[in-house]
Amino acid sequence: MKIKNDKLFIQIICLICSIALWVMVMIQTNPPQERNITNVPVKIKNLTALENSNMVLMNSDKDNLTVNIKVKGNSDELIKLKNSDFTATIDVLGFVEGTTNAKVEVSGPSGLDINSIYPTQIACKVESIVSKVMDVTVQYEGEHANNYYRVNGTPNPTSVKVTGPRSVVDSANLAIATVNVEGAKEDVVKTVPVRIYDGKDTEIFMSVPTGNVEVTVPIYPTKYVNLKTSIIGEPLEGYELVDVSVNPSRVRIAGRQDIIDTINELELAELDISGAYNNILSSKEILNGENLIFLDLPKTPVVNAMIEEVIEKEFEYNLDEIQFSNLNEGYDINLPETDNEIKVTVVGTKSNVNSLKKDDISLNIDLSDASLGSNTYIIESITDNEALDITLNLNTIDVEIIEVNSDSEDNNED
């Protein structure tokens with residue numbers, strides 16, 4: 001029994017020695033070495049579970065995460081390795097909003113030692129999915145037809161709900177629906193998509209599309225109409241209303257065709273000049289402007305009522321300054337011998353009277369129905385200024401109509 005046990009012991013010792021010798025030989029012929037394996041893809045575990053909890057991983061490179069590792073093994077094994085032989089993972093299960101460092105786990109072929117991993121952790125930025133409601137702003141492409149006016153479009157619905165990561169939704173500044181109105185002469189109704197932009201006019205792509213809205217853009221014809229005002233009351237005694245003007249005198253309007261076809265002029269509120277003794281400037285609202293849009297009208301129209309003092313001026317004429325017209329051939333006149341002058345009194349507004357000269361008024365007697373002998377004729381005053389009130393201190397004079405003797409004229413000429 002003892003011999004049998006000794007024999008087994010000797011066999012075991014021999015086996016151990018053989019293995020040791022084999023290992024020594026292998027180490028000398030195929031010694032262990034290290035190798036760097038780069039760009040090992042990193043898989044994200046439980047990403048779906050994170051998204052199901054209304055969270056989203058915001059890392060911009062989450063689909064291309066990689067790590068570098070250093071492995072140790074026999075040179076024969078190392079030379080055959082590829083980065084696809086290794087599996088690197090991070091686990092985002094249970095992550096909350098904010099930035100969390102996820103540990104990188106790497107596994108590879110058996111018989112190899114993974115000595116180092118770089119990076120050992122990956123910072124994972126997680127945000128909650130949130131929503132907010134934004135009003136839709138309508139923008140336009142193209143130009144409508146000439147002599148038409150585009151009214152601001154109305155979207156239906158007027159607002160949209162945007163959904164996405166918190167930082168993206170917080171940066172959303174405008175919800176834009178763009179409508180093409182090129183050449184339009186009537187209302188434009190179109191269904192268009194809504195696009196979301198940040199404060200730097202960069203389009204944002206949301207987790208949930210905002211969808212489409214129907215936009216109605218009214219297109220109205222335009223035309224110019226005059227502005228008209230009404231004056232009530234009388235100025236102070238001794239003063240007179242000279243002129244009334246409106247600034248602007250006309251305005252461009254836009255509206256439905258059936259409405260502006262009925263508008264030929266627009267009435268302004270009345271201007272009361274009772275007791276006035278100088279010019280009056282007054283802003284007046286347009287009265288019949290319902291359902292109209294006023295274009296190129298930066299301020300309320302202004303009515304200017306020009307009021308001037310009434311004054312008088314006197315001119316003196318001699319009898320020989322009277323003009324005689326329509327005297328029949330063969331007749332002549334004899335004027336009475338007198339030193340009396342004809343005084344012409346002119347009454348009118350100050351600017352009119354002060355600019356008047358004596359030559360602007362002529363005195364005339366019409367002799368078309370004259371007969372021989374002494375006749376009384378009416379003296380007429382003639383002027384181009386019809387706004388003046390002219391009176392004469394002498395309205396008639398006696399004029400003798402005589403017959404001219406042609407023979408005596410010839411003798412006189414000899």
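Strand β3, covering residues 66-74, pairs with β7 in the antiparallel sense over 5 bridges, where strands are DSSP runs of E of at least two residues, numbered from the N terminus, and two strands pair if DSSP finds at least two bridges between them. Within this pairing, Lys 72 stands opposite Asp 113 in β7. Before I go on, please keep in mind that this is a predicted model, in which local features need pLDDT of at least 70 and side-chain atom pairs count only at pLDDT 80 or more, while totals for chains, interfaces and linings use all residues. Residues are numbered from 1 along each chain as its sequence is written, and side-chain values use heavy atoms, with hydrogens and water left out.

Both strands belong to an open sheet of 5 strands, ordered β6-β4-β1-β3-β7, with mixed pairing. Its edge strands are β6 (105-107) and β7 (113-118), each of which pairs on one side only. On average, and with direction ignored, neighbouring strands of this sheet are turned by 30° against each other, the axes being lines fitted to C-alpha atoms and the angles running from 0 to 180 degrees between N-to-C directions.

Let me turn to another sheet. This open sheet has 3 strands in the order β26-β32-β29, and its pairing is antiparallel. Here β26 (331-334) and β29 (373-378) stand at the edges with a single partner strand each, so one side of each is left without a neighbour in the sheet. Neighbouring strands are turned by 40° against each other on average, direction ignored. Between β29 and β32 (residues 396-403), which run antiparallel, there are 6 bridges, and Ser 374 stands opposite Glu 400 in β32.

Now to the interior. In soluble globular proteins, nonpolar side chains tend to be buried together. The largest nonpolar core here has 26 residues, and those with the most contacts inside it are Val 179, Ile 196, Val 213 and Val 215; such a core is a set of buried Ala, Val, Leu, Ile, Met, Phe, Trp, Tyr and Cys residues joined through side-chain atoms within 4.5 Å, and buried means under 20% relative accessible area with a 1.4 Å probe, protein chains only. A second, separate core of 25 residues includes Leu 57, Val 67, Ile 69 and Ile 90.

Finally, two charges over rings: the charged end of Arg 150 sits over the ring of Tyr 140, 3.8 Å from its centre, and Arg 250 lies over the face of Tyr 224, at 4.1 Å from the ring centre. For Arg, this requires CZ within 6 Å of the ring centre and within 35 degrees of the ring normal.

Technical notes: Helices (H or I, at least four residues) and strands (E, at least two) are DSSP runs, numbered from the N terminus. Buried means under 20% relative accessible area, exposed over 50%, partly exposed in between (1.4 Å probe, protein chains only).
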